[in-house]
Structures are given as structure tokens and as C-alpha cells.
Amino acid sequence: MNISRANPLRLVSALLFLSAAALSACGSENDPVPGGPDLQLIWTKTSSLQDDCEEAVAGAQGVPADVAGIDVEIFNPDGKKKSAKSIPVEAGKASHEVAEVEPGENYTIAVRAYDRDQTYIWSGVTTGVKIEAGKRASAPVYMSRLNGVTCTGTAMTARRAFHTATVLKDGRVLIVGGFAEKSRGFTYDKDGQLAATKLVEIYDPRSGAFRQIEASLNTPRAMHTATLLDDGKVLIAGGVSQGFFRPKDPVSPYRAGENTLKTFEIFDPEAENFVNITTTAKIGNINFNRALHQAVKLKNGNVVLVGGDGNTRVGAATSPSGDTIEFFNAARNRFEDAKSLPKLKTLHAGHVAMVLADGATIVVFGGARDSAFFAEQIKTGRDGLTATIDKLDIPEASRPSISGAKLTDAQMNAIHAAAVRLADGRLAIFGGFRSEGELKAPQGGFNFLLDAAKKSASAITPTDDPRALHQAVLLNDGSVFVGGGVTNTSFANLKSISIYSTEKNRMERQKPQFSRFRSGFGMVLLQDGNVLITGGMSDKGEILARSELYNAGWVDKLIENGGAPPAAEGE
């Protein structure tokens, strides 16, 4: 997709710094800074698209030769444009004068670089910029290639797979836990063991860098959930300290085994530490051991944990938590007793659970032990702590077809699928393993839209790669970014990226792709509209530290919105 001035793809990243020139001694604080900020562009090349992005970013240099000029637009906190200027540049030159800017706080600065054909090829943005009278202001802006994939400025500080990535209220991203170690000789074609980490780090989109924090989890976790609470803190629940990979498992290749956790922790981003759950402990209990579960935040701020693998021994026939739900009471900072809550109709692990637009109804689908079962619906009570559960039946006439035959529940029982809620309230479901008595490879045709209110499902044009253990996020324009994953039961990983167009109801393969084959990775939509991809496992079973950024062309939308990051409807 071209934005204003279309572009080719090239993998480069950049840091941009703005510094305000000192005011004269006689100027007042409300006077513009003479000459305005001095724009210091520092461009740093990354490895090529074929490389793995594992190497450190190279040293600073001048403007790349294909950049003819830059457009800089500065906005006040109220969205009013304060300054705008187009600046021609010279290759190799690092310093450029920008239009005058008054001292102030919380400026948003958007930068676009264009080539000699007047085509935008780079973009970046930063928020919360403060320019003080008589002081130099530094504002890092991580630049990335438009409609392309760019390696982040640094790798994560630890290798991780099956970790969590959570966008905080200030726009940073919290990276928690995950598998960091594997048994010797681990490959995708035989059973293996994986060990989780306690380490926590934070990604700053303004600099493109990760930073490990001093605080760490009280216990190692992977396959857990991390949910942003209304007060800005993050609820981290369940998971497993050690996991097992079993490629022939009929329900899920990744098993939690005997080390599933029955605890939760809460992270405070402002203090960069974990809060006390009790007067003496920073860890609390949930009702059931669970991993590979789902956590869903309701409109009232409470959180529901749904299903999961709760086996306390390897090879157990059933999971004691797979058919359970429980509520986190946000007002009391605790999980309420779940004894009186109803059970799900079947066991779920590696499933999807999403809240509908009413903020109180949850649809659970896939990952079912009973392969003749597809979806069910949880309706939470007005108190936000009670629920009723019913099977979500989709009549045969309202199901999608493949080769003229309507899909059965077993065919629609996706395991390790990915899903988003669209702006119109429907759920878009992509890929996943199938379980019909044995593990079946994902198929490209199993992408569909689920309308829970109308109890109907319709097919998405099956032009995408078959995928499982992949990720999907809703972009700001209402389309869906889908990438990575494994494509068969031999666990061949993917680099490919597709965009689901809601207007065309079609999957569209993109030219750029990930630099590494990835599955079990983290992927989130940043506040600026870009997509952050973190860690995961390679096609050889290697745990990755390197991360990437997909630039969806959000800067023009940000400028149209007056400097406020555009928010996508849906989830």
C-alpha cells in the first residue's frame, strides 16, 4: 500500500534527535526558540532482509543516499499543528535546521523521508517531547521503512518463546517470561523439554531498544497470560515453569506437563516492580493450575481466566482446569473463589477466547478435547463475577463450505489459531491445527468470520499460507496483519506475512516478510500503529532474541488526526 508518495522496500533503521538552540538571555520563555530545534538525524543500517537480525546495529552515519528530503510536523497536545517544514537534505549530512518551535511540553513530532520521486519511503514519530527555554531537548524517533519489516534497534536482552508482550498505557511494551532454554539436542521432530525464565524487559518504541529491568518474576513462567488492567498495572497469571514439546500429541504439540502454575503476579510499570499481593508476598494464588489458557478483560475491569492445560503430571488423560473459568476482582486485587462457577462444556487448551462488543460476553472456540465441539459462549453477570455458559451452535446452513461440503465442528476446532474482533463485532479466525482423532496440519482454507450474534460463519478467501502457532493483530485501518507460524505437522516455520482486507474479504500476501522463521512469538500493535514482533522459535527449534517492526504506513493517519495516534476499533 502506497502512502502519499509510494515506496520500495529496504531494511534500515534510524534514530532521530531534536535539540532546541539556547534562547538569548533577554528572551522570555514564551518566545520561539531562535532558529528552532536543530534536527540531528542518525541513521543506522541493519542486516539485510535475508539475515537474521541477530547482529548489533551498525554505527551512526549520515542520511542514506536515496533520501532527498524530510517532512517534519510538530503538534501541540491539543492536536493543533505548531510547525511544519519540508527540508531538502544532502547524503551524509547529519544536521538540519527545523522551523521555530516555542518552549512547551507533550509535543508530538512526526517525520517522513522521501526520495527523489517524491515518494515517502521512511517514517517515524515521537510523543511527549518537552522543549525548555535555554535547554537542549533530545527526542529520539525510531525510523522504519514504510510498508516493510525493519529490525528493531536492539535485540531483546534474553531469548524467549511463548512469552507475553503487553502494550502499556504510556506506549512502552512489557516483555515477560517465556521459554529461554531447551534440552540438549532439541529439534522439532522429537520430544523435548523447555525451561522458562524470570526475566522481564521493556521495549521503548521511541528508540527501538529493549532494556532489561531490575525486577524479575517471582517464579519462571511461559505459556502464561498478561493483561493490562484499567489502572495501568499488568496481571500475569498461570503458565508453566517447564514445558514439553510432543510433535505427535493429538491436541496440542506443546504440553504444560507437571509444572503448571497456580499463581499470579501484578506488575506496576511506574515503579517497574511487582506489587505486594499480600502484606508479605508479591505472589498470589489462582484457583487452578493452568497454562495455555486465555485471559479476557471485561468492560467492568475484571478479568476472566478461561480453560487451559492444568495437568499436574506428564501424560495425564484430562486437564483439571480445561473446563473451568475464574474471575480476577480488579477492585480487590484477587481471584475470587471459583467453586460455584459453571463449567465449560468441554476441555479447552491452545484455544481462543474473545470478549464481544458488549464487554461482557466471551466467545470460546477451538482447542477442544472433544473434536466434535467447536465453540461456546460465556455470559458474565452484572456483578462481573458470575456467569452462565452455553454451547454456541452454528446451524449447518450458516457454515462455510470447502469443496462443496459444509465444515463440521471437528474441522472448525482450531488449535493454536489466531483471531481478532473486527469493528463490526465479528470475529476473524485464522488457521490453526485441526484435531480429528490425531493432529492434522493447518489448511489455508480454514480462515473464517464468526458472527456470534447471528450464529453464522463465513469463509475468508483461502489465499494465505496454512498456519498455526502464528499471530494476528488488527491494524488501525481495520485490516488484519497475519504472520509467521508453522505450516504443517513437521513444524516447518514461516516467514510470510499476509494482510486480511475486510473490504475485499480476502487474504493478500505481502512482499516483505520476517527476517527469521518464527512460531510461538509475541506480536502487538504499538500505539503509533506499527507492529512489534518479538522472539519465538526458529525452524530449527532455536529460541530467538531478535525482534522486528512492521511499518503499516500509520504516519499519514497520525498527521490527519492532528498528532493523536489513531485507534483501531475492535480488538
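I take contact to mean heavy atoms within 4.5 Å. With that rule I looked up L450, which touches V363, F365, F374, L392, I394, R426, L427, I429, S456 and A457, leaving aside residues up to four places away in sequence.

A note on what I am reading: this is a predicted model, where local features need pLDDT of at least 70, side-chain atom pairs count only at pLDDT 80 or more, and totals for chains, interfaces and linings use all residues. Residues are numbered from 1 along each chain as its sequence is written, and side-chain values use heavy atoms, with hydrogens and water left out.

Next I turned to the cores, meaning sets of buried Ala, Val, Leu, Ile, Met, Phe, Trp, Tyr and Cys residues joined through side-chain atoms within 4.5 Å; buried is under 20% relative accessible area, with a 1.4 Å probe and protein chains only. The largest has 21 residues, and L450 is among those with the most contacts inside it. Strands (DSSP runs of E, at least two residues, numbered from the N terminus) β27, β28, β35 and β38 each supply at least two residues of this core. A second, separate core of 19 residues includes V72 and M143.

Then the rings of Phe, Tyr and Trp (its six-membered ring), which pair if their centres lie within 6.5 Å; planes under 30 degrees apart are stacked, over 60 edge-to-face, the rest tilted. I find 10 aromatic pairs. F264 and F335 have centres 5.1 Å apart and planes at 70°, so they are edge-to-face. F264 is in β20 and F335 in β26, so their pair ties together parts 71 residues apart in sequence.

How values were computed: Buried < 20%, exposed > 50% of the residue type's maximum accessible area, 1.4 Å probe, protein only. Helix = DSSP H or I, 4+ residues; strand = E, 2+ residues; numbered from the N terminus.
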